[in-house]
Amino acid sequence: GNSASTTTQKIGVVFCGRPSSGAHSIVNGVLDFIVGANSSSKVLGFVGGTKGLFAQQYIDVTPAMMDVYRNQGGFDLMGRTCDSIAKPEEMDSAKTSCMRLSLTGLVLVGGTRTATDAAYLSEFFTGQGVNTKVVAIPCSIDGTMKNQFIETAVGFDTASKTYSQLVGNLAIDGASARKYWYFMRMMGNSPSHTVLEVALQTHANYILLSEDIIANRKSLNDVVTEIADSVCRRSDAGKNFGTLLIPEGAIAALPEFSVLIDEISNLYQTSEQSNITLEEVNAKLSPFAAALLGSLPAYLQKQLVMERTTDKQIDLSQIETEKLLAHFVEAEIKRRKAAGMFKGKFTPVCSYLGYQARCALPSNFDCDYGYSLGGVSAALILGGFTGYMPAITGLKRPTAEWCVGATPITAMLEADDVEKLPSGMVRPRVIPANISLSGPAYNSFLNNMKEYEAEEMYQNPGPVQFNGPTADTRTKTLELEDMDYISALTSLRDVMEEVKAVCAPGCSTNVLKMAYTSISTLSEILELNAAATGVPLTRSK
């Protein structure tokens, strides 16, 4: 009966960021919703990500086409090339494409950077009188696109379960052969959500977290010493084998490498060259950074200097941190052996777990979650909302009990953590969520860490299941963190309404005094907490 539901829609969908399982389910959700409302509506899938949007290269996504891609992994329906809509010329190109194609809506699928771009693009469109509504959908394997509104991103469930099987395989192989230490680096940029989730599922012997390295200002020597200590403790118990999980962003978290990486990245940002030679970089680095770079193995020097992403930042997926750590741990073990402090054997085997999981067949959770987010994004566009991200809460409950809503992306922007654009301008951004070192997920691992290190408590969850008792399990972090923000807010408002009803005119003086004293005390506590954390209270008017 809604007039919007009878209007013919033309919605464009763009895959941004790294490939992730569940993206095709998002497209399917958009298509089913708008075609269900009006059979003449269309979904345009832009080929090659944002470059396809700028060039107006698209495919008409049809129900017959989605029969082939429904619940399939990857981005291969449309593909992607780069994921930026930040420069003025990029925004102008997006505007031109949306106007020429008469798009009523544009859905950007990606992580935190995509969400940031969507917020500013929607503002730009509104200011330019463009009628296209912009919606962003959280889709990323690394688990960083989450906050009080967004419990998790599409793809994290599948990726973490797939990695857990691979880690479980290697851990049990190590326990069988009893002579290898597996150093496994995992895809996931700077935050370490994937490592923590996989550790909770597999009970790996030892893990590194970028957040822990940063919080405790651990140097490379500190990290190497800690790993070597773990190797020695297990060896003393007759166990010359083990499993170590390393986040992709560990190298950038190390203070000395952070300085080096920043200097190299700044050189690229101020250069028009897409590749700068090692000799050119060395000549422009500070003495400390140049000395550190020169002390590293040749393969790592090349990776630090040459491997860049589309925005000229270091491509952490190409930096073999596991080999670097294995190299220095092996040197430390040899030193201890020569000093009579180690009598066992140490044989590291390095692996990178990245591309094996990001296009895996999506789990039931990611299929349902992606499809639901796609439908909600279409509903937002039909309702005339722009600059929003669909938000579904209560995700650890059965699918039928999920709560559907949406949040303005501007509510997620952080003014204290700005993004510097190539033009030199800065803007608030949606920041990647870090692991809370005081949170329940990390504490769950911490409480069992010594036991995991000493024993072989390995668990192998096996392949992702689509039927049976484990088909609909959630990630450990989702179960433990309990981030049902909307439900908690609704419950609080219900309690406040009950207090308001009890304290209506005619209530007793005692009830009124009790309510006033309690609420005044709560208000003071909230003020004190705001002062302690530095986060001011926001009051709705």
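Helix axes here are lines fitted to C-alpha atoms over the stretch in contact, and angles run from 0 to 180 degrees between N-to-C directions. With that in hand, welcome to a short tour of a predicted model, in which local features need pLDDT of at least 70 and side-chain atom pairs count only at pLDDT 80 or more, while totals for chains, interfaces and linings use all residues. Residues are numbered from 1 along each chain as its sequence is written, and side-chain values use heavy atoms, with hydrogens and water left out. Helices (H or I, at least four residues) and strands (E, at least two) are DSSP runs numbered from the N terminus.

**A crossing pair of helices**

- Helix 11 (residues 255-269) packs against helix 13 (residues 287-295) at an angle of about 105 degrees, and their axes are 9 Å apart.
- That angle makes helix 11 roughly perpendicular to helix 13, a label for 65 to 115 degrees.
- On the helix 11 side, the contact (heavy atoms within 4.5 Å) is made by E256, F257, V259, L260 and E263.
- Helix 13 contributes F288, A289, L292 and L293 to the contact.

**Two helices checked for length**

- The expected span of a helix is 1.5 Å times one less than its number of residues.
- Helix 1 (residues 23-37) has 15 residues and should span 21 Å; its end C-alpha atoms are 22 Å apart, which agrees.
- Buried residues (under 20% relative accessible area, with a 1.4 Å probe and protein chains only) in helix 1 are A23, H24, S25, I26, V27, N28, G29, V30, L31 and I34.
- In helix 15, T321, E322, L324, L325, A326, V329, E332, I333 and R336 are buried.
- Just after helix 15, G340 takes a positive phi of about 75 degrees.

**Salt bridges**

- The structure holds 17 salt bridges, each a side-chain nitrogen of Lys or Arg within 4 Å of a carboxyl oxygen of Asp or Glu.
- D117 pairs with R427, their closest N and O atoms being 2.5 Å apart.
- Because D117 lies in helix 5 (residues 112-128) and R427 in strand 13 (residues 426-430), this pair ties together parts that are 310 residues apart in sequence.
- D117 counts as buried at 1% relative accessibility, and R427 is buried with a relative accessible area of 6%.
- E456 forms a salt bridge with R234, with 2.8 Å between the closest N and O atoms.
- E456 sits in the loop between helix 17 (440-454) and helix 18 (476-481) and R234 in helix 9 (residues 220-236), so the pair ties together parts that are 222 residues apart in sequence.
- E456 is partly exposed at 29%, a class that lies between buried and exposed (over 50%), whereas R234 counts as buried at 1% relative accessibility.
- K239 and E455 meet in a salt bridge at 3.5 Å, N to O.
- This pair links distant parts of the chain, 216 residues apart: K239 is in the loop between helix 9 and strand 8 (242-247), and E455 is in the loop between helix 17 and helix 18.
- K239 is buried at 11% relative accessible area, while E455 is partly exposed at 39%.
- D229, E332, R335 and R336 are linked in a network of salt bridges.

**The annotated span**

- UniProt, in an unreviewed entry, lists residues 10-268 as "domain: Phosphofructokinase"; its positions are given in the numbering used here, feature names are shortened, and annotations may be inferred rather than shown by experiment.
- The end C-alpha atoms of residues 10-268 lie 39 Å apart, and the span is 51% helix and 16% strand.

How values were computed. Angles under 35 degrees count as roughly parallel, over 145 as roughly antiparallel, 65 to 115 as roughly perpendicular and the rest as oblique.
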